[in-house]
Amino acid sequence: MANLAQFNLRPVGREEFQARVLLEDLISSHLVQRPSHHLALAVWYPKNPSSPEQFLLELVCSDTSFEGFVSDRLSLNWKTGSNTPPFVNLRVASIEYFSKLLREHPGEIAPYLNNCEVLYFDKKLLTPDVLKRFNVITEPQELAKGWYVSESEYAKSRSIRELLSLYSHMRPMFGLIKTEESSNFENCRGILHVEVGQKWVPLTPEGIQTYTYYNDYQSGRPVYLLFEGGALYEVLKFEVKTAPDYASRFGFLEDTLKPNDRYPEVYLRAVHPSSQRTA
Amino acid sequence: MIDTLKSICEQCTHLHSARLDFISAQPHRQKDIISRDLKELASAASLENEKSVAVRAGCLLESVLYCFIQAESAQIRRRRGSFDFNPDHSLNNYASIFNRWYSNLLTIPDIIVEYRDIIHINRELNYPPDICQIASRELLRLLNALLERLEQYAALTL
């Protein structure tokens, strides 16, 4: 099963569950069988699990550009060689073409948005407008992403710009949702997040124990967090907090089957490497 | 001074006393390979070889997930309706499958795949200079936590 876990999982009825599994299997096969067409998005539309006819939109990132939709119809029991219902009506388009439709002829994409569900996505391949149109939410609105800067790298650095040039090529190591900030922006606290299956979710008190920044802090060493926008903070402390209101208040993306209300909250103070060197 | 790899490895008890009961009894080679690699990982950690530890720990993470998911194929099939274990998948795929079906045990963050990929020089060149220092430590701790949870799971289910 290619990228099986990137599919959404939610409690459903038996009919929907079966239809979903069959569609997921088809999508998985497309992920493997089409090396020149990188699948970026698969949308089940309109979702009607009891119907003998299902509909699937696939957007691909293709080595060779093509205009319009390519259509196909096949049995969802294709694995067994059977040509029996349910059938899937497949429409495939390139991301570029679909984005163009979104901008220039939004009415043409309306059928794909009707009672639809995203079954698979690869956010690296998709444009922000497509992600937004299909309501693919991968992070809370106010999430700031960044990297842990070790004591030694901080000591060597002359400016935040220099640090950014070192770290910004790499996937962010954490995200932060600020829960409070001082009026002069010098101090703040917040909940650290981690990217799991393309979605940013809050760290748990147990989960944070793996991370070097947490262990370095526990060992009494200075810990610096650098953010994409150029802010640099020193960690003052971590404090496990029970806050059942945080998830809804700050829009955390949490597993609804496994809600969490205990978070390691981090307290931060802004630092300015160049000014410290001068001082 | 940051924590030495040797001291982390000594604290990570499951790295050097792994029971590996979550792996199928057959074929024997899976347990043998993982046991051997764990010994080599401890050896690299005792020498403070950060790159070697990052690469070996990343490789072990993939091996452990591979063996666990293969052993759990029937269980996933029961829950999902169908599931075929694909031995040709990558760490990213195995982590995804694990996170979907076994996130109650532990979640594998996406960044771990990046850490494992520092085996490729073009990747390491794009990362900050302290990447091996950070990756080696986080991979050791994550692997230890994974082995611990899988052993607990095996004790409850076998």
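Reader: What should I know about numbering and cut-offs first?
Author: Residues count from 1 along each chain as its sequence is written, and chains are lettered from A, ligands numbered from 1, in the order in which they are written. In this predicted model local features need pLDDT of at least 70, side-chain atom pairs count only at pLDDT 80 or more, and totals for chains, interfaces and linings use all residues, while side-chain values use heavy atoms, with hydrogens and water left out.

Reader: What does chain A average for pLDDT?
Author: Chain A averages 89. At least 70 is the score for 92% of its residues. pLDDT is the predictor's confidence in each residue, from 0 to 100.

Reader: Where does pLDDT stay under 50 in chain A?
Author: Over residues 1–6 of chain A. The model has 34 contacts for that stretch beyond four places in sequence; contact means heavy atoms within 4.5 Å. Where pLDDT is low, the predicted coordinates should not be read in detail.

Reader: On to the interface. How many residues of chain B are in contact with chain A?
Author: 39 residues of chain B, against 42 residues of chain A.

Reader: And what area is buried between them?
Author: About 3,400 Å², with carbon and sulfur atoms giving 53%. Buried area is the accessible area (1.4 Å probe) that two parts lose on being put together, summed over both.

Reader: Which residues in chain B lose the most?
Author: B:Arg80, B:Arg100 and B:Asp110. Together they make up 21% of what that side buries.

Reader: How many salt bridges between the two chains?
Author: Seven. A salt bridge is a side-chain nitrogen of Lys or Arg within 4 Å of a carboxyl oxygen of Asp or Glu.

Reader: What does B:Arg100 meet in a salt bridge?
Author: A:Glu24, at 3.6 Å, N to O. The pair crosses between chains, from helix 1 (residues 14–33) of chain A to helix 6 of chain B. Helices here are DSSP runs (H or I, at least four residues), numbered from the N terminus.

Reader: Are those two buried or exposed?
Author: A:Glu24 is buried, at 1% relative accessible area. B:Arg100 is buried too, at 10%. Buried means under 20% relative accessible area, exposed over 50%, partly exposed in between (1.4 Å probe, protein chains only).

Reader: What about salt bridges within chain A?
Author: A:Glu139 pairs with A:Lys145, the closest N and O atoms being 2.9 Å apart. A:Glu139 is partly exposed, at 25%, whereas A:Lys145 counts as buried, at 16%. Another is A:Lys178 with A:Glu181, also with closest N and O atoms 2.9 Å apart. A:Lys178 is partly exposed at 33%, and A:Glu181 is partly exposed at 33%.

Reader: Which residues do shared partners join into one network?
Author: A:Glu24, A:Asp25, A:Lys79, B:Arg80, B:Asp84 and B:Arg100. Salt bridges link them.

Reader: How many residue pairs are in polar contact across the interface?
Author: 14, with both residues at pLDDT 80 or more. A polar contact is a pair of N or O atoms within 3.5 Å; within protein, one must be able to donate a hydrogen and the other to accept it, and residues adjacent in sequence count only if both atoms are side-chain atoms.

Reader: Which elements of chain B give two or more residues to that side?
Author: Helix 5 (73–80), helix 6 (91–102), helix 7 (111–116) and helix 9 (131–157).
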